[in-house]
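Please keep the structure in view while working through the numbered points.

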Amino acid sequence: MTIGVIKVARPREMSFPESLYLLEIVKGLGVTMGHLLSNIVRQEGIKTIEYPEVRRPMPPRFRGKHRLMKRENGAPRCVACYCCSTACPAKCITIVAGESPDPAVEKYPVRFDIDMLRCVFCGMCVEACPCDAIRMDTGWFTPPDDTREKLIFTIDTLLEK
Amino acid sequence: MTGPLFDIAVTVARIAVFFAFCFGLVVVMTWVERKGAAYIQDRRGPNRADIFGIRAWGLFHPLADALKFLFKEDFIPDNAHRLFYQMAPMFSLAPAILGIAIIPFGPDVTVMGRTIALQIADLNVGILYLFAVSGMTVYGVVLAGWASGSKYPLLGGLRSSAQMLSYEVSMGLSLIGIFMVFESVRMSQIVAGQGGLLFGVLPKWGVFVQPLGFILFLVAQYAEANRTPFDLPEGESELVAGYHTEYASFKFSMFMMAEYLHMVVGAAVVATLFFGGWQFPYLGDAGFLFPGGFAVAVPPALVLLLRIGSFVAKVLFFAWLYVWVRWTIPRFRYDQVMRLGWKVMLPLSLLNIFATGLILLLLNR
Amino acid sequence: METVLFILFGAIAVCGAVMVVTRKHPMASALYLILTLFAVAALFVLRQAHFLAAIQVIIYAGAVVVLFVFVIMLINVPEDRLPVERATTIRVLGVLAAGFFILESAVLARRYVMPKGPAAEVGTVEAVGRALFTDYLLAFEITSVLLLAAVIGAIALAKRKI
């Protein structure tokens, strides 16, 4: 096997007016001024998304913030089986189970906290859930907040979404 | 008002007005830089700071910046030399402020039977004063780099002092042609000399008399002000932020102010020396006099207004040019800067002096 | 007014010069040297020698001391390793001699009469330029040749292979 030699195009020699740079600088200034003027005249041509007001539409399979599903009667669909917290590689789900008042259901989560600061958004909890009680289809990532406590989502906030 | 009192009042008023103009322009330039950079790069730029919901295209951002700088922690690194570390921003800002003193903002004005020059000090040494003052800027940078007690600022300080010393030479030599043509170093006389016509058509501005000198001076000035493409001293890609890496809060804002004040004063100097200062093309004391012999009478008050307006417009243009060039041209490599300074600029400025002398000799024979 | 300013700037210049010699830290010495140079420039301005003042600041404060500072920066001796100056016999004698010299010049200065009025037309740009290119043309040209020789010599020393 021979070692392949790749021919790389060398930068061509500059012509004399180019090597003076001055004309080229003026040309460059023309380009930047063109961008400036066209962006001032047509503001909608600017690609920047003004984030809090305008949001980028997320692709349908984007794994975002979690939400807990509800039954028809409004109770959480979760049966506190600990499958999600076991599957979680970041150990960010804390569940405390309690006896369900509904005789058809054995257990329900008294507490269901997700520490969003530790979550790695891998989707394992969704995969593990036997009852389709947890989903990550809110289409949005965790918004910033000013304390750590506010970023531990409790069952109430998770059910709301 | 009595004589001396009137003089003092006039002096104080002049200083106050010109300072206010320059510092106001500094504030506006920070906004222009950010907004201009954004639009050139297809972004939106600052537009969030608001007062009672009025956003005004981000015009309040400089105000927000100033407040932020004022209230940030004034931090001194452990390794820094305390006294010199604190002196460096002052060394940087003071020369920039001093430069305002010799800029003629307009023609002489007669108020209450007295002639008042719209210039803080019309020195006999004129532009040499500016060189003396701008030579002091190096200390701010060097001291900041050394006193921070950290590697990157030290490298930035070394680079910038070498660069400033190199370009100071060609900056001084590029202006000699102007001195020869207008036969003075006094700012007011250089401006007055640019009122005539060249070949009966062009205004006798420095840029038409000394095109090479103009280009050399402009380039040297960008290098002196440490602006792109000569902003090696703070090249972020290799030196974090160069000589002001270790600075924060108000001291950092003093460096920033010095940089923008340099831009404003530099723009005013270029406008004065090469673009006729306050001279409006074809405008005499009595009115317009176009080359074809066509004349329009203009009242004196309007003449004054037009002249000051033309100066302000020129300053604004050259201040904008700093921003425009910054977002167009990438940074040079350090050896390229030095090669340009010593092997291109210096011989060209010497050639310029020689050619100017030759032409003047042949014309005056 | 002029006398007050003269005494003020003269005092600054002398104090600065003393500080240059006595400061322990070389950077402090360099900065005091700038102060002294500025004070001397101010004295030039008081005698209407604007050109001299400007050149003083450009050349000495703007270029020469920058090189000093440059060297101080590059060598960058830590503060605890700065040399300790001890009072040796020769130094004490030097200070005594300096004091004697100052005393002597003070005595001589009493005989000197200050020229009245501003020394205009001597220190201005035009006057200096005219003097350089008429009366002192030969000296001026020889100096420039000397400087050229110095430049070439410096390059030859610094660069072995040309």
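1. Tyr243(B) is buried, since its relative accessible area is 6%; buried means under 20%, exposed over 50% and partly exposed in between, with a 1.4 Å probe and protein chains only. Phe255(B) also counts as buried, at 3% relative accessibility.

2. The model is predicted, so local features need pLDDT of at least 70 and side-chain atom pairs count only at pLDDT 80 or more, whereas totals for chains, interfaces and linings use all residues. Residues are numbered from 1 along each chain as its sequence is written, chains are lettered from A and ligands numbered from 1 in the order in which they are written, and side-chain values use heavy atoms, without hydrogens and water.

3. How many aromatic pairs are there over all chains? The count is 25, where rings of Phe, Tyr and Trp (its six-membered ring) pair if their centres lie within 6.5 Å, and planes under 30 degrees apart are stacked, over 60 edge-to-face and the rest tilted. Phe18(B) and Phe105(B) are a stacked pair, because their ring centres are 4.1 Å apart and their planes lie at 10°. Phe18(B) belongs to helix H1 (residues 3-40) of chain B and Phe105(B) to the loop between helix H3 (82-98) and strand E1 (106-111) of chain B, so the pair ties together parts 87 residues apart in sequence. Helices (H or I, at least four residues) and strands (E, at least two) are DSSP runs, numbered from the N terminus. Phe18(B) and Phe105(B) are both buried.

4. Tyr243(B) and Phe255(B) form an edge-to-face pair, with 5.5 Å from centre to centre and 70° between the planes. Tyr243(B) lies in the loop between helix H10 (236-239) and helix H11 (249-274) of chain B, and Phe255(B) in helix H11 of chain B, 12 residues apart.

5. Ring pairs also link a cluster whose members include Trp205(B), Phe214(B) and Phe318(B).

6. In the contact between chain C and chain B, 27 residues of chain C meet 24 residues of chain B (heavy atoms within 4.5 Å). The buried area is about 2,200 Å², and carbon and sulfur atoms give 80% of this; buried area is the accessible area (1.4 Å probe) that two parts lose on being put together, summed over both. Zero salt bridges are found across this interface (a side-chain nitrogen of Lys or Arg within 4 Å of a carboxyl oxygen of Asp or Glu).
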